[in-house]
Amino acid sequence: STLAHEFAKHVLVNGGIFLSGKFDQRQQGKPFSALASAFNQYFGILMQNSELSLLKQKLSHQVNHVLGSEAKHLAKLIPNLGKILGLELNGLVYGEGCTNAQNRLQYLLCRFVEVI
């Protein structure tokens with residue numbers, strides 16, 4: 001939107017990072033797609049900018065400490081998070097019901113936001 005674009009200009013001029021995610025009705029099968037897109041963009045920026053390597057290491061340590069092996073579930077939605085954490089996501093199979101997976105994902109996203 002125009003308002004978000006104008007706001008982004010001010011954030012960037014002042015040294016901030018502006019992230020955006022857009023809800024897409026075609027992505028209904030992918031929960032939290034707008035948040036996942038914004039977080040993926042954020043971790044992509046961390047990977048590309050060598051000046052932010054200390055922040056990247058700190059976040060990696062904190063996410064691993066707080067989420068542990070459960071971080072792999074978020075990394076399926078946020079591929080750049082998986083790259084920063086060094087997770088191999090190929091071949092992961094989940095054998096639980098949809099309700100349990102959604103509840104776990106909501107919990108993990110809340111903990112993840114607390115970390116970052």
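A nonpolar core is a set of buried Ala, Val, Leu, Ile, Met, Phe, Trp, Tyr and Cys residues joined through side-chain atoms within 4.5 Å. Buried means under 20% relative accessible area, exposed over 50%, and partly exposed in between, with a 1.4 Å probe and protein chains only. The model is predicted: local features need pLDDT of at least 70 and side-chain atom pairs pLDDT 80 or more, while totals for chains, interfaces and linings use all residues. Residues are numbered from 1 along each chain as its sequence is written, and side-chain values use heavy atoms, leaving out hydrogens and water.

**Core**
- The largest nonpolar core has 20 residues, of which F43, V63, L67, L74, I78, L81 and F112 touch the most other members.
- Two or more residues of this core come from each of α2, α3 (53–67), α4 (71–77), α5 (79–85) and α6 (98–115).
- L74 is in contact (heavy atoms within 4.5 Å) with L67, L81, L105, L108, L109 and F112, leaving aside neighbours within four places in sequence.

**Helices**
- Helices (H or I, at least four residues) are DSSP runs, numbered from the N terminus.
- Helix α2 covers residues 33–48, and its 16 residues reach 22 Å from first C-alpha to last, close to the expected 22 Å; the expected span is 1.5 Å times one less than the number of residues.
- Buried residues of α2 are S33, A36, A38, F39, Y42, F43, G44 and L46.
- Helix α1 (residues 2–13) has 12 residues and reaches 17 Å between its first and last C-alpha, close to the 16 Å expected.
- After α1 comes G15, with a positive phi near 85°.

**Salt bridges**
- There are three salt bridges, each a side-chain nitrogen of Lys or Arg within 4 Å of a carboxyl oxygen of Asp or Glu.
- K9 pairs with E6, with the closest N and O atoms 3.1 Å apart; both lie in α1, three residues apart.
- K9 is partly exposed at 41%, and E6 is partly exposed at 36%.
- R104 forms a salt bridge with E70 at 4.0 Å between the closest N and O atoms.
- R104 is in α6 and E70 in the loop between α3 and α4, so this pair ties together parts 34 residues apart in sequence.
- In α6, R111 and E114 are three residues apart, and their side chains meet in a salt bridge of 3.4 Å, N to O.
- R111 is partly exposed at 27%, whereas E114 is exposed at 61%.

**H73**
- H73 lies in helix α4 and is buried, with a relative accessible area of 10%.
- The side chains of H73 and R104 are joined by a polar contact of 3.3 Å.
- A polar contact is a pair of N or O atoms within 3.5 Å; within protein, one must be able to donate a hydrogen and the other to accept it, and residues adjacent in sequence count only if both atoms are side-chain atoms.
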